[in-house]
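Good morning, and thank you for coming. I would ask you to keep the sequence and the structure in view while I speak.

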Amino acid sequence: MIRFLIPLICLVLFFMEPVFGLFSPLNIGGELNYIVPRFLIMFLIFLTLYYDLKHAMFYGLFFGLLYDVFYIDIIGLYSFLYPATCLAAAAAFKRIPRNLLTATLLTLVLLALFEFLLYQFFLLISFTGMPLGTFITTRLWPTMIANSIFLVMLGWIFKSVIVTQLSERDNKIGLY
């Protein structure tokens with residue numbers, strides 16, 4: 001049962017994102033602010049940092065393809081960006097110390113980059129006409145704040161679960 005814990009967490013986060021997306025847009029001070037929950041990619045970045053790049057990229061490809069099929073109907077966008085973000089996380093963490101604070105900060109930086117790349121892609125195909133300033137103030141900042149709150153609340157749980165899985169995997173390898 002414990003073997004399926006990481007895919008189960010990915011699946012739960014995949015289905016939690018649209019549920020939390022129902023709270024958006026928020027009317028704050030007479031201005032609509034859009035919040036896009038990105039729980040799965042944050043977990044995949046943590047999986048990259050504390051478990052294994054290969055597994056994170058596999059889950060990123062699988063759930064990115066599911067995201068493409070179920071939510072946006074553009075096949076290949078998320079299935080490319082999720083593994084690419086995991087790869088960028090692995091490359092960045094080769095140069096900086098591996099602790100929870102740096103993992104959280106790196107996750108938020110990669111999340112901002114992820115959102116900006118999505119915005120640029122949607123702008124390129126004329127899926128959105130939102131100016132950059134409006135995107136930053138009404139979508140990127142609220143999204144970053146909401147996801148950082150989620151990450152601060154659950155980041156240590158992500159790390160604990162992943163490190164526990166890693167130690168169990170290492171113990172099983174040692175038995176054979």
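Predicted model: local features only at pLDDT ≥ 70, side-chain atom pairs only at ≥ 80, totals over all residues.

Leaving out residues up to four places away in sequence, G60 touches L44, Y78, Y82 and P83. The place of this glycine is in helix α3. Is G60 buried or exposed? Its relative accessible area is 0%, so G60 is buried. Along the chain, G60 and Y71 are 11 residues apart, and 15 Å separates their C-alpha atoms.

In soluble globular proteins, nonpolar side chains tend to be buried together. The largest nonpolar core here has 45 residues. Which of them touch the most other members? They are L13, L40, F43, L44, L47, L49 and Y82. Two or more residues each are given to this core by α1, α2, α3, α4, α5 and α6. Helix α2, which covers residues 39–50, gives the most, with 11 residues.

Let us take L47 from that list. Setting aside its neighbours within four places in sequence, L47 is in contact with I6, D52, H55, A56, Y59 and I162.

Next, please find T107, which lies in helix α5. T107 has 0% relative accessibility and therefore counts as buried. Not counting residues up to four places away in sequence, T107 touches M42, I45, F46 and L151.

Where are its contacts, once neighbours within four places in sequence are left aside? A90 is then in contact with T48 and L53. A90 and L53 are 37 residues apart in sequence, while their C-alpha atoms are 6.8 Å apart in space.

I turn now to the aromatic residues. How many aromatic pairs does the structure hold? There are 23. Consider F116 and Y119: their ring centres are 6.4 Å apart and their planes stand at 40 degrees, so this pair is tilted. The cut-offs matter here, because planes under 30 degrees apart count as stacked and those over 60 as edge-to-face. F116 and Y119 are 3 residues apart in helix α5, residues 100–124, and so about one helical turn separates them. F116 is partly exposed, at 31% relative accessibility, whereas Y119 is buried, at 6%.

There is also an aromatic cluster, formed by F14, F15, F62, F63, Y67, Y71, Y78, Y82 and F114.

Rolling a probe the size of a water molecule over the atoms shows where empty space is left. How much space lies in the largest pocket? The value is about 580 Å³. The elements that give two or more residues to the lining are α1, α3, α5 and α6, and the largest share, 4 residues, comes from α5. By type, the lining divides into 16 nonpolar, 3 polar and 4 charged residues.

Which residues is R38 in contact with, leaving aside its neighbours within four places in sequence? They are E17, Y67, Y78, L111, F114, E115, L118, R139 and N147.

I close with two details of the backbone. First, S24 and P25 are joined by a cis peptide bond, with omega about 0 degrees. P25 is in the loop between α1 and β1. Second, S126 has a positive phi, near 60 degrees, although S126 is a residue other than glycine. S126 lies in the loop between α5 and α6. Is S126 buried or exposed? At 63% relative accessibility, S126 counts as exposed.

Thank you for your attention.

Note on methods. Residues numbered from 1 in each chain as written. Heavy atoms only, no water. Phe/Tyr/Trp six-rings, centres within 6.5 Å; stacked < 30°, edge-to-face > 60°. Buried < 20%, exposed > 50% of the residue type's maximum accessible area, 1.4 Å probe, protein only. 1 Å grid on protein atoms, 1.4 Å probe; cavity = no way out; pocket = protein on both sides within 12 Å on 5 of 7 lines; lining within 4 Å. Points joined across faces, edges and corners; volume = space filled by probe spheres on them. Nonpolar A, V, L, I, M, F, W, Y, C, P; charged D, E, K, R; others polar. Core = buried A, V, L, I, M, F, W, Y, C linked by side-chain atoms within 4.5 Å. Contact = heavy atoms within 4.5 Å.
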